[in-house]
Amino acid sequence: MSLKGKSAVITGSNSGIGLGVAEYLASQGCNVALNSFTDNAEDHDLAEKIGKEHGVKAVYIKADMSKGEECRALVETAKEKLGSVDILVNNAGIQHVAAIDEFPPEKWDAIIAINLSSSFHTTAAALPIMREAGWGRVVNIASAHGLTASPFKSAYVAAKHGVVGLTKVTALETAKEPITCNAICPGYVLTPLVEAQIPDTMKKYGMEKDEVIEKVILERQPSKEFATTAQLGGCVAFLCSDSAEQITGTTLSVDGGWTAL
Ligand code: NAD
């Protein structure tokens, strides 16, 4: 499927799933705006490399997704630099694992802001641009934790359930327009976000890394395999394709059977 001539903003895309999605969309001819809260030479180099490799416009835009006005400015800047914002992928996210009574309130606030509220702000900024262009796709990267819960992830689970709710409302508000909004719910994907959880889990259970991956992290993923960032890129591209025109307000699980349990 070709996305030639379209332009996408992918939040939180200098690493992990966001980067995989940006690379996949670029491979389909889509211009891409990469984003994170840093402004390093490597961030800009990454965009340049993707642009050259796939012959598309690719830019890096610094914006902190914990701040509403920066989320909105990201979308406006992407429109200026790429000419349009046809596809919005809300992907930026962080994690913190602790029991509710020990959960640092500032971590709760940061997770709700970055994993949930940012999608409200970027969507609010992108919809008028999509309406003017007469076409738009919003894809929210939620999680299996947007459909089910695990202990010690209160803020993350609350935020991801919120993302699924926001997805449904966005879809209903745009149902009569050529705009769709869906959420992808990945199970575990081996990215820096997941890698960072391994050392603590090794300590907690007294296990080696391989054992932690098989018995703890992938415990609820029946396939016993991680999903890949390229597979997620392919799912985003599908939701942006003509075949998915009537798919809106729903979730697409990419979790090796987790939510079928
Ligand atoms: P990651 O840590 O590799 O990437 C997160 C991205 O968000 C990075 O680019 C980071 O720079 C960016 N980011 C963090 N804080 C930001 C901020 N304040 N402003 C702008 N950007 C910010 O993690 P990932 O695993 O690729 O996660 C990406 C998304 O996928 C998250 O929303 C996560 O919840 C979701 N997800 C991941 C998994 C998984 O197993 N890895 C599973 C389900 C859902």
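## Close-up views of the predicted model

**View 1. Lys224 counts as partly exposed, at 40% relative accessibility.** Partly exposed denotes a relative accessible area between buried (under 20%) and exposed (over 50%), computed with a 1.4 Å probe and protein chains only. The model is predicted: local features need pLDDT of at least 70 and side-chain atom pairs pLDDT 80 or more, whereas totals for chains, interfaces and linings use all residues. Residues are numbered from 1 along each chain as its sequence is written, and side-chain values use heavy atoms, without hydrogens and water. Lys224 belongs to the loop between α8 (209-216) and α9 (229-239); these helices are DSSP runs (H or I) of at least four residues, and strands are runs (E) of at least two, numbered from the N terminus. Although not a glycine, Lys224 has a positive phi near 60°.

**View 2. Phe152 sits in the loop between β5 (136-141) and α5.** Its phi is positive, about 70°, although Phe152 is not a glycine. With a relative accessible area of 39%, Phe152 is partly exposed.

**View 3. The ligand is surrounded by 31 residues.** The closest are Asn14, Ser36, Tyr156, Val189 and Thr191. α6 gives the largest share of this shell, three residues.

Conventions:
Near = heavy atom within 4 Å.
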